[in-house]
Amino acid sequence: MNQANQTYLFRTANRIVAGRHSLGRVGEHLPMSGTFRSALIFTGSSMVRLGYIDELKQALDRRGIFAEVTTGIDNEPTVDHLEEWNRKISGGGFDLFIGVGGGSILDAVKILSVLQTNGKSIREMIGTNLVEKPGIPTVLVPTTSGTGSEVTPNAIVTFPEEELKLAVVSDYLLPLLTVIDPVLTLSLPRQITAATGMDAFTHSFESYISNKANPFSNLFAIESMKLIARSIVRSYEDGASLDAREDMLLGSMYGGLALTASGTAAVHALAYPLGGKFHIAHGVANAMLLPHVTRVNMDSIFHRMPEIAAAIGLNTSSLSAERAAELVMEQIFAWTQTLSIPQNLAEYGVGEKDLDGLTEAALKVKRLLDNNPKVLGFEDIKGIYRKLL
Ligand SMILES: NC(=O)c1ccc[n+]([C@@H]2O[C@H](COP(=O)([O-])OP(=O)(O)OC[C@H]3O[C@@H](n4cnc5c(N)ncnc54)[C@H](O)[C@@H]3O)[C@@H](O)[C@H]2O)c1
Ligand SMILES: [Fe+2]
């Protein structure tokens, strides 16, 4: 927990509009002071097919903004893929970038926005505060309830040669406008709903137990865990439930606000090598790891479990903190079962021989391991990966 003399900061998107069908009203919510003429929309083919992009173009047109649409950003994009996109869109004269998609598209738009204006390569911007100038203003519209990228100053890039995923962290990545429209998430397939939902829960859970937790992050983390616990199973079992989808999307955004104010920890540190080396989707990697990392952390975090138990709807008021912690653990395990989260790394080609390499790679994610309430050494981390074989 933060010390009494520590300061804590809250920063996020310039504006956030939320509500069903808010995408169709984007023009009204862009700041009136901005004179935008030409937007480039990055999205996936399903959003085009479902008609949402036409709706968005009409909304922009009413504000006098002409928009071009482009699809083809890869899932969990690599550094070379993004540099190539940067060359492709250079000279297009766009004054607004809009991302309508999951974390992959939102992160790509954030990176492309600053690549266009900084004259630096992605490699030169990896790290914290290494972006020097504002990018092209962005509008970020999430279509998964997972990353919270729409409100965070982070963007994740895959480096295939190093078998790593690394982050650009800069306030210049924060968007001009975030649009939280749950209707866009109705088409999310079940398994992506489950994995991205658990990623969002992990953001809030880790922000709450992080060494950097503070009153700002706690506020959003608790509300986020409440919304997600209430609706994760329903959104998985009944994807057409707009009420459940709305809880999940708000919960996911609150998770992004919580992690920006605080920080994620060992679950995310161990997840990145699984993505970088074995291409396991980010949400799946986090969902697999959460119960096992939590078990190892438990003796350092059990005193915070009664509040988490209450947030996720468990009645533990008459129980000890240790017993509340057990029940939280059981609930997390139960979700991995109900949501059919894979629990075996062997399915992804990971074997005992890979554990040293994975562990070394995880130890390099010091930025996040430093937030973990318990110091995890080589053997601790290797032991967690081994649990998943
Ligand atoms: N910037 C951050 O703060 C942050 C935080 C966590 C993760 N990330 C990064 O975000 C990326 C993962 O993002 P993600 O988990 O949102 O997944 P994703 O963006 O990779 O999308 C997963 C799949 O879902 C599909 N999809 C997305 N929305 C859909 C919809 N509404 N209907 C149907 N299909 C849809 C996509 O086309 C894709 O195939 C990773 O690169 C991860 O490292 C970023
Ligand atoms: Fe995440």
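By class, two nonpolar, four polar and one charged residues line the largest cavity of this predicted model, where Ala, Val, Leu, Ile, Met, Phe, Trp, Tyr, Cys and Pro count as nonpolar, Asp, Glu, Lys and Arg as charged, and the others, Gly among them, as polar. The lining consists of S145, T185, L188, T193, S235, R245 and M248. A cavity is a set of points, on a 1 Å grid over the protein atoms alone, where a 1.4 Å probe fits but cannot get out, and lining residues have an atom within 4 Å of a point. The space in this largest cavity comes to about 30 Å³, the volume being that filled by probe spheres set on the points.

Turning to ligand 1, its shell is made up by class of six nonpolar, 15 polar and four charged residues. Domain 1 (15-185) and domain 2 (190-387) both contribute to this shell, so ligand 1 lies between them; the domain bounds come from an automatic or database assignment. With four residues, α5 gives the most to the shell (helices are DSSP runs of H or I, at least four residues, numbered from the N terminus).

Polar side-chain atoms also meet the ligand, in pairs of N or O atoms within 3.5 Å. For N75, the distance to an oxygen atom of ligand 1 is 3.1 Å, and for T152 it is 2.9 Å, again to an oxygen atom. S187 lies 2.8 Å from a nitrogen atom of ligand 1 through a polar side-chain atom.

Local features need pLDDT of at least 70 and side-chain atom pairs 80 or more, while totals for chains, interfaces and linings use all residues. Residues are numbered from 1 along each chain as its sequence is written, chains are lettered from A and ligands numbered from 1 in the order written, and side-chain values use heavy atoms, without hydrogens and water.

How values were computed
A polar contact is a pair of N or O atoms within 3.5 Å; within protein, one must be able to donate a hydrogen and the other to accept it, and residues adjacent in sequence count only if both atoms are side-chain atoms. Helices (H or I, at least four residues) and strands (E, at least two) are DSSP runs, numbered from the N terminus. On a 1 Å grid over the protein atoms alone, a cavity is a set of points where a 1.4 Å probe fits but cannot get out, and a pocket is an open set with protein on both sides within 12 Å along at least five of seven lines; lining residues have an atom within 4 Å of a point.
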